[in-house]
4 protein chains.
Amino acid sequence: MERVIEIRGHIIRDDILKKIDSSVVQYNGRYRVLQLEVGDQVEDESTARIALDLPEDKIELILNELINLGCTIPRNEEAATLKPAEKDKTVPDDFYSTTNHPTEVYLNGKWVRVKYQRMDACLVVKGDEVHCVKLRDIKKGDLIVCGSSGVRLVIPPAEERGNEFAFMSNEVSSERRVEVIVKRLAEEMRQLKQKGGKIVFVAGPVVIHTGGGEAFQSLIRKGYVHALLSGNALAVHDIERALFGTSLGVNLDTGSIVRGGHKNHMRAINAINRSGSIAEAVADGTLKSGIMYECVKKGVPFVLAGSIRDDGPLPDTLMDLIEAQAQYAEQVADADLVIMLSTMLHAIGTGNMMPSWIKTVCVDINPAVVTKLMDRGSSQTIGVVTDVGLFLTMLEKQLP
Amino acid sequence: MERVIEIRGHIIRDDILKKIDSSVVQYNGRYRVLQLEVGDQVEDESTARIALDLPEDKIELILNELINLGCTIPRNEEAATLKPAEKDKTVPDDFYSTTNHPTEVYLNGKWVRVKYQRMDACLVVKGDEVHCVKLRDIKKGDLIVCGSSGVRLVIPPAEERGNEFAFMSNEVSSERRVEVIVKRLAEEMRQLKQKGGKIVFVAGPVVIHTGGGEAFQSLIRKGYVHALLSGNALAVHDIERALFGTSLGVNLDTGSIVRGGHKNHMRAINAINRSGSIAEAVADGTLKSGIMYECVKKGVPFVLAGSIRDDGPLPDTLMDLIEAQAQYAEQVADADLVIMLSTMLHAIGTGNMMPSWIKTVCVDINPAVVTKLMDRGSSQTIGVVTDVGLFLTMLEKQLP
Amino acid sequence: MERVIEIRGHIIRDDILKKIDSSVVQYNGRYRVLQLEVGDQVEDESTARIALDLPEDKIELILNELINLGCTIPRNEEAATLKPAEKDKTVPDDFYSTTNHPTEVYLNGKWVRVKYQRMDACLVVKGDEVHCVKLRDIKKGDLIVCGSSGVRLVIPPAEERGNEFAFMSNEVSSERRVEVIVKRLAEEMRQLKQKGGKIVFVAGPVVIHTGGGEAFQSLIRKGYVHALLSGNALAVHDIERALFGTSLGVNLDTGSIVRGGHKNHMRAINAINRSGSIAEAVADGTLKSGIMYECVKKGVPFVLAGSIRDDGPLPDTLMDLIEAQAQYAEQVADADLVIMLSTMLHAIGTGNMMPSWIKTVCVDINPAVVTKLMDRGSSQTIGVVTDVGLFLTMLEKQLP
Amino acid sequence: MERVIEIRGHIIRDDILKKIDSSVVQYNGRYRVLQLEVGDQVEDESTARIALDLPEDKIELILNELINLGCTIPRNEEAATLKPAEKDKTVPDDFYSTTNHPTEVYLNGKWVRVKYQRMDACLVVKGDEVHCVKLRDIKKGDLIVCGSSGVRLVIPPAEERGNEFAFMSNEVSSERRVEVIVKRLAEEMRQLKQKGGKIVFVAGPVVIHTGGGEAFQSLIRKGYVHALLSGNALAVHDIERALFGTSLGVNLDTGSIVRGGHKNHMRAINAINRSGSIAEAVADGTLKSGIMYECVKKGVPFVLAGSIRDDGPLPDTLMDLIEAQAQYAEQVADADLVIMLSTMLHAIGTGNMMPSWIKTVCVDINPAVVTKLMDRGSSQTIGVVTDVGLFLTMLEKQLP
């Protein structure tokens, strides 16, 4: 039996009809576009009426998808369907799965803005509020928003987003005007610093290997880094460089291979272990320079997430990933700008936790990293395919 | 003041003189080759006498390095220097840092073979034994082998290693005869199965995306997989495929993009959460096919190490990496062959824990992954740059 | 002053409104969508009326673009505008620039199908016919189709194209089911062979280095290769392998590096020079095996295009690229299937010459090659990211 | 029967014994190192006596190889063996195949320095001189140096080469200190300009796409570019940018995609065709800016080599590759520094023609390009893996 749905949204700009088409085909159903009223411009909102010939539960999946694409479904100004979680970490099968876009739920006759927005979470009603909750944090009895009724995204129009980066396409290419991007980003950082905004860096060890270490240290000193999210490797390579002038066997000043260099890696960890922590190593005079040193001196919080490949690790590295994810999430919660430098693992990890309205720049010499991040859903990301060391050097020169 | 050292080893084959040269240059010292007696063949052992003009502690670092390269230093048949660890996780600065090669320590008048061999560890004397101990497991008072006296590697000659793979160079290239390698590997696996050897697979989700899932499942059923080391992603993608026919939004049978597919990712985790674990999901009939299903059915142990980017994760995924590393290490401890499939993170993690005498094959479409693994010290690795799905399909066909 | 245009075509499927939007924005103009009548399905044709506020010559550029996207512009059933070429190799500025899709020109009251269709050419009226002519072949006085009146594309609906490959998305990814693609391609090749179709291979030397040489030779012997388009390198490496068992210094049977191997490269060319040509070397018994040998024996035409980096080259290699392009074009003119194996340069060169209705498969281990080919306009291409040697081995096994 | 050879050279530094080992193994022979006298340092020359058990012609091949590696073979101060070419483009099978290193031939009782040194050529005696001659330029009756007697390389010691770049290792890595390299290169360029040296650039279109166009134009104006070797693409993209502000469909100022942009590619060629050539287009006012414009204005010679994938091409593009190679070779013959920017094809083509004593820098975002160039024999190349646009921008700022 056919059911007619009405939708309103950026039907042309966001390829909504094609997306309905592919969803319906996937579920072996049929559809007809009954009516399509387009705005004057491609950017304008349009409305459509579409007849769907599909089982009801599949229609619900498609509606969930359409909502996640920013469509308004007029008839969905009805109370959201709430069902209790049957046990911890488990929700009903038709739970509404979130995007990282701003979302509202219709509760008690009005639209309520969701808190702690992030992708791939459940919506849990807590009194008057609705929270994004990760599956693993669901408790038995939590009220879960199910189906698609009473849920909508409230994506602001592009012009209101005040996106200074709007001119930059999301396209990933090594064939881009990096210099222009550096200037725009520096301008954005200057403004954020003035108004007390928060800039979070997510950085991998390539920052050091490409010679970007000193520029990055200068950015910390100048007050442009308000949190550093990374892993064990960046910190160990940085400390190894500070203590022995090497980084995993490469003399960074001459570029020559250093024999016994890998041993320096372990000696660096040993030195911090002796002090007790990175901060204590700064305090007792063991660590006198480098990125981690500058963070400690400037009071910039850092979170080092462990990984299965970590040697050591440093005493500051969190090998409990539940704790690491929690501390990452806390740092990005109030961020205004996130700059990701050459680390796919930590970039995707951070992207998973962030709402889409935080400006994000991802710099990597490998285009696949940037593409993968955006494919994962962090579509707000501006990808820059370039040499991270040069990028930081140029960025630092633009900042007073 | 010059000190004359004598060394014996594969001086020509292993570029020992060049390595001494670069070490000495790094420490601003000087050296002279006083004598070099070479064997008939490049593969033969040679002896050399070299005068070093360097501070004593730098000479020690070079001797440590030379030992790690397999040289014997005649005068070092002296008791090893032992010093107590001053506190937990902390060793004296001149600690001997291990390789993954078989090592012996001279204790109480005889050479003792080191247990639990792995790279980047310390040597701790425990009664009559010497153990490789990771820095983080060092306890205050542990007796640490320091300097280079009384330590030697005992690398067997190539012919004794009985390496069926010997014909394959370690060179990494996409321009290789993959078919030949598949045949040799299949032969090796057949022999190992016959004599009750242990084959450990380290696998990433690309195994599924490249269509290698069914071949891999068949390998499990046929008894060629004795442990599976992986992360959350492989298991979730596999279970998603088993439950919904998709894998992160790709319909694997038709290759087309599936709308709402990412939701299936979370639905798969939810389903396992409901059962309690992967094994329970197999037991209660929720999970009826796939790689994880075959592992449970066949009793193949698997270890899923968490990462900062994991959604969910599955209840089986270890988010405590200390525990994850311990379980990985347990599985490789008695492995005869380790096959790494398209996962840089887990491959390097596993490589860190393994002694060099375990045969290792690393398959990846990206040459950089294989190179990085070997640069890290897992030089025994045979790198194969190819399509993992095709590789598994061909391998499976060679095995009865 | 506004002008209203009407278009008919796959407005939704092909993102026509978004393309008009970006063109108009580029020319600093404005537009309004006055009306949009969509079909039932996304695949169906729709009609639109759009008011454009733009200089007339810019409207012409947009109309040219819309025609190239497959739109019909009802008012354009008027005689095409013809202007003479002012001199050799030079056309009027508003010349109609072709796509590789089937095109018709309205001449003397009827639509005439264009001959020698290829992209980036001019349309020249020659009596009753219209030909695609490359800029460099334009002669003074040639009648050039200018502007957009009287030109349309006639792209057949997908179902009529009878595309056995339709199920395969164009998406490029190393995470694909290569085995399925091999089967479909084998089926297509069997059918083509039965009905006397023509299969053209474009191949680079990686075919040999990845161990695909023998499979490819078998494909030639079995009659599945009807022309080979390549460069100097494939032929030299193949002949070097046949004469000395090496290929640029690699022993292909053992994989080991061969000293003096590069000299063999020059010795191979010298041997063919002595005979006079590849065919004469087969005739006089110098060349007794390999890809080039099989081509000669089976009478398969081959074209070797030179490049600036060619040593030698072989006497068969065409260092005059005008001639090489002509011979390539002749081979693809009547092709039914073109299979491109690991050679970006020759693949793009061939793609430039082909109409879009020839089925094209491009196999490369590097996803960027496939992407670049499709970005250039060869959008009909099915990209397969895999190991070319294994691909050929599996393909050959599927063919009787 | 064993034959004893004596060699002198950088036996340790250049791995000579290992190379003899692999050559002998390849030919199924045997060898014994009878004696090895090493210098004090790894860099010093050593001497060795080695017994070879191999057929005489194989020994000759090995001697040829050893000479190419820089060894002196004391007994080879005998007249070189000369044999006439039996026909055009054909030499005796045992011809001596050259490297790109400085070479001398023993003729009439003295060592004669070879002219026109390049790799993969034959040595032809012309009166008192010896010339490197490409196989295709050999004429019947030319006197060809055969075997290995009477040939030696005369590679100057590293310190005499006065290599300002000596500190930079040849290692290819994206993890390098690009900024340091830029400074050294700028210093080298300043010095060369002062003493009237010649700097040749080999450049691909990525120079433009990465935003390096303006910096490169400035380098031309400032007098740091003395020849430009490239292909059709760089020139067309540059001219398209100058005439229409686009480059293959990308608006370079805003980064947005330009509809109809590909047509601009053909319109640019058409415009130059109308003028007759690039120089004439500058003269008649058609072309007013860009890289090609600056070359014409400054009188910098440029050579555009054609390729099988070229559209158009421009009237200046040489589609006859024999001519293109000749003009490339003429420009590099007296070069002091060659800088290769993001073009594997033209970089390898140029590398083939150059003697090893010309300093060479190769910049590319893809490490494989740099590696491939060096593997081909251009081992003098300093590889820089970075963003070419940023590289040029920084280089230009360092130059007055």
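**Reading contacts, confidence and symmetry**

Q: Among contacts in chain A between residues at least 6 apart in sequence, what percentage join residues at least 24 apart?

A: Two residues are in contact if their C-beta atoms, placed from the backbone, lie within 7 Å; in chain A, 64% of the contacts between residues at least 6 apart join residues at least 24 apart. This is a predicted model, in which local features need pLDDT of at least 70 and side-chain atom pairs count only at 80 or more, while totals for chains, interfaces and linings use all residues. Residues are numbered from 1 along each chain as its sequence is written, and chains are lettered from A and ligands numbered from 1 in the order in which they are written.

Q: What pLDDT does chain A average, and where is pLDDT below 50?

A: Where pLDDT (the predictor's confidence in each residue, from 0 to 100) is low, the predicted coordinates should not be read in detail. Chain A averages 86, with 88% of the residues scoring at least 70, but over residues 166-175 of chain A the pLDDT is below 50, although this stretch has 24 contacts in the model beyond near neighbours in sequence. Residues 253-259 of chain A also stay under 50, and for them the model has 22 contacts beyond four places in sequence.

Q: How is chain C laid on chain D?

A: Two copies of a chain are related by a rotation about an axis and a shift along it. Superposed by least squares on the C-alpha atoms of residues with pLDDT of at least 70 in both, chain C is laid on chain D with an RMSD of 0.0 Å by a turn of 180 degrees and a shift of 0.0 Å along the axis. The two copies are therefore related as by a two-fold rotation axis, and the same surface serves both, since 100% of the contact residues of chain C recur in chain D.
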